[in-house]
Amino acid sequence: MNFSRRLANLYKYRSLCTDAKTVTSAPKVNLELPQPEYDIDYLCDVGNRKYIAENIKQRKGIGDIDKVHQLLETSASRELLDIELGKIPNQTDPRVSDYGPEGRVLNTCGSMPTFNYQPKEFEDLAKNLKLIRTENLGQLSGSRSYMLLGDLAELEEALVYYTLRELVNRKFQVISVPDILPSQIIERCGMIVEGTRTQVYYLDSAHGHYQSLSGTAEMAIAGKLAGARLSLEHLPLKYAAVSRCYRAEASSIIAERGLYRVHQFTKVEMFVCCQPHQSAELLNELQSIEEELFSSLGIHFKVVDMPPHELGAPAYRKLDIEGWMPGRKLFGELSSCSNCTDYQSRRLGIKYETADHRLEHVHTLNGTACAIPRMLIALCETHQTEEGIIKIPEKLLPFMKGKTIIEQQPVAAMRFAKYKPKIH
């Protein structure tokens, strides 16, 4: 295909980007979102084709840049081109491209706790204290579900309140978000919404077309900002939200047993919009916040710069915090923070007005300030005693009604009737 024809098709695509008002790349719903504005100068440049293909391969993505160029050469419809462009992952920070499969440890914080006895795993601690139910919940909420009771339920609330207070002190705005979202928003944020690799729970069409349960508050906040035109003086814009998170993922890995991987859980999320030149420094800030939060709770952890195959579609760079779980005798992921550059803002039309009155796409970042199940695992296994009691970290005491330890509750107070489903 000669250059003039390719250029003509590129200009045609740009015109469609400008004129179109509704999305056509996902199932059609009564939801107006800005037309995605993919970086076609980069994606459709033949000189970048090999690098993009290698990036997709390294990230184990589902995109096909060759197909994008084939569609462009044949003057395919905007709908088909958008579908394929939407599958191309973000670029990757060059510093992580050569990492091995485990990434690179950037920092280790705190001292590894020592015990002169065999520390118990969280599930054993909680069951002995009669503060958790995981069995016989199939008829209530399905597999990989749990119910926290008594002081353990209060510890969950204490973690949420403490985390929110710390984020508010760091100038984050607290926002309450819905758990049910249009599937389009989830797709635009970079989640796989179709096929066997999806982690998304869809609602039955009787409850609304193409609605899904949110996997993280990040999606709702990004959806709230879709089409926004932000003022320069308001950047960086920092949000914090508490939400229930729903993941359809499953695992047969023994290290991910119990509460480590569940279908729904509570999480405190950070979300940031900023100017492009600010995002690298703000990723460091999110990392610092997470380190300070976990250090203040006495948890030993390491910070890992993740390799390309762990970045998913939206992240340019992603840092994981892996906490030591003494009962399990392993490091497990407690949280992460990601710089998504303009991947999400291009798909959702989130822009800001520059000093010279131009509209540019913001960069978005997200980070987990507290994911309850895994935080409880690390916290309780770290602060257990030989008697099976859990010491409450000092920072959480103001939120625990004067309690300094978690011990076994009176059996009568925690008794539950066993539900027996009727057989017709």
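Predicted model: local features only at pLDDT ≥ 70, side-chain atom pairs only at ≥ 80, totals over all residues.
Residues are numbered from 1 along each chain as its sequence is written, and side-chain values use heavy atoms, with hydrogens and water left out.

Let me begin with the interior. A nonpolar core here is a set of buried Ala, Val, Leu, Ile, Met, Phe, Trp, Tyr and Cys residues joined through side-chain atoms within 4.5 Å, where buried means under 20% relative accessible area, exposed means over 50%, and partly exposed lies in between, with a 1.4 Å probe and protein chains only. The largest such core has 59 residues, and those with the most contacts inside it are Phe-122, Leu-152, Leu-155 and Leu-159. Its largest share, eight residues, comes from helix α8, residues 150-169; helices (H or I, at least four residues) and strands (E, at least two) are DSSP runs, numbered from the N terminus. If we take contact as heavy atoms within 4.5 Å, and leave aside residues up to four places away in sequence, Phe-122 touches Ile-132, Leu-152, Leu-259, Leu-376, Ile-377, Cys-380 and Glu-381. Apart from this core lies another, of 27 residues, among them Val-177, Ile-221, Ala-228 and Tyr-352.

In the loop between β7 (211-213) and α10 we find Ser-214, which counts as buried because its relative accessibility is 2%. Not counting residues up to four places away in sequence, Ser-214 touches Pro-178, Asp-179, Leu-181, Met-219, Arg-244, Cys-245 and Tyr-246.

Helix α11, residues 279-296, has 18 residues and reaches 26 Å from its first C-alpha to its last, close to the 26 Å expected at 1.5 Å a residue, the expected span being 1.5 Å times one less than the number of residues. Just after α11, Gly-298 takes a positive phi of about 75°.

Now to the charges. Side chains of opposite charge can pair when their charged atoms come close. A salt bridge is counted when a side-chain nitrogen of Lys or Arg is within 4 Å of a carboxyl oxygen of Asp or Glu, and by this rule the count comes to 22.

Which residues does the salt bridge of Glu-154 link? The partner of Glu-154 is Lys-403, at 3.3 Å from N to O, and the pair links distant parts of the chain, with Glu-154 in helix α8 and Lys-403 in the loop between β17 (390-391) and β18 (405-406), 249 residues apart. Lys-403 counts as partly exposed, at 27% relative accessibility, and Asp-151, Glu-154, Lys-401 and Lys-403 are linked in a network of salt bridges. Lys-267 and Glu-269 also form a salt bridge, with the closest N and O atoms 2.6 Å apart, and both of these residues are buried.

Finally, a charge sits over a ring if NZ of Lys or CZ of Arg is within 6 Å of the ring centre and within 35 degrees of the ring normal. Arg-347 lies over the face of Tyr-343, at 3.6 Å from the ring centre, while the charged end of Lys-302 sits over the ring of Phe-331, 4.5 Å from its centre.
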